[in-house]
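Me: Got a model loaded here. Can you walk me through it?
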Amino acid sequence: MKELKLIKKENHLLNYEVMDNLHMEFIDIYNSVDINSNESIKSKAMALLVHSKNHFMKEEKLMDSAKYPRVREHKNEHNKLIAELEFFIDKSVSVFGMNILKSFYLEKLPYWFHYHLLNMDSDLTGHLKTSKLTQHKKKLEVN
Ligand SMILES: [Fe+2]
Ligand SMILES: [Fe+2]
């Protein structure tokens with residue numbers, strides 16, 4: 001019996017509530033898989049696809065409203081992951097395809113999640129925090 005390498009919640013907090021909640025939801029779904037069951041891998045991959053569409057849409061709304069400068073690169077990374085998830089879920093009807101979905105789930109997904117948070121999401125939360133501060137300062141100056 002294989003064991004899943006869990007994604008650790010404490011390593012993935014960005015101290016920005018809306019986004020942290022989304023990331024904890026991703027981790028909950030990811031970690032709840034039974035890697036010895038193909039059905040479970042497939043259904044968790046599908047749940048992660050649904051989750052990610054909503055997760056990315058919410059982040060992208062934040063980017064647009066805060067005039068985030070690296071919006072194109074960030075959205076591209078989101079779109080790439082959605083396309084990959086859809087592709088591998090679609091291919092998983094064959095034994096060969098199922099094995100590819102399994103290795104994608106076990107190796108690529110946690111790697112993607114970790115580095116996306118490190119490079120893209122943390123940059124976005126940094127931008128959101130400073131733009132909130134400037135807005136707050138501007139308000140103080142007006143009043
Ligand atoms: Fe995110
Ligand atoms: Fe993101």
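Reply: Among contacts between residues at least 6 apart in sequence, 67% join residues at least 24 apart. This is a predicted model, where local features need pLDDT of at least 70, side-chain atom pairs count only at pLDDT 80 or more, and totals for chains, interfaces and linings use all residues. Residues are numbered from 1 along each chain as its sequence is written, and chains are lettered from A and ligands numbered from 1 in the order in which they are written.

Me: How many helices and strands?
Reply: Four helices and zero strands. Helices (H or I, at least four residues) and strands (E, at least two) are DSSP runs, numbered from the N terminus.

Me: What are the box dimensions?
Reply: Roughly 65 × 30 × 20 Å for the C-alpha atoms, along the principal axes.

Me: What percentage of the residues count as buried?
Reply: 16% of the 143 residues. Buried takes 20 or more other C-beta atoms within 10 Å of a residue's own, exposed 12 or fewer, and partly exposed is in between; C-beta atoms are placed from the backbone.

Me: Which residues of α3 are buried?
Reply: His74, Leu85 and Phe88. Seen down the axis of α3, they fall within an arc of 80°, so they line one face of the helix. The arc is that of the directions from the helix axis to the C-beta atoms.

Me: What covers them?
Reply: The cover includes α2 (38–65) and α4 (95–142). Turned away from that buried side are exposed residues, among them Arg72, Asn76 and Lys80.

Me: Switching topic. At what angle do α1 and α4 pack?
Reply: About 180°, with axes 12 Å apart, α1 being residues 17–31. Axes are lines fitted to C-alpha atoms, for helices over the stretch in contact, and angles run from 0 to 180 degrees between N-to-C directions. The pair is therefore roughly antiparallel, a label for angles over 145 degrees.

Me: Which residues meet there?
Reply: Met19, His23, Phe26 and Tyr30 in α1 meet Leu109, Phe113, Leu117, Asp121 and Thr125 in α4.

Me: And where is tyrosine 16?
Reply: In the segment before α1. Tyrosine 16 is partly exposed, with 19 other C-beta atoms within 10 Å.

Me: What does tyrosine 16 touch?
Reply: Thr125, Leu128 and Lys129, not counting residues up to four places away in sequence.

Key. Contact = placed C-beta atoms within 7 Å. Parallel < 35°, antiparallel > 145°, perpendicular 65-115°, else oblique.
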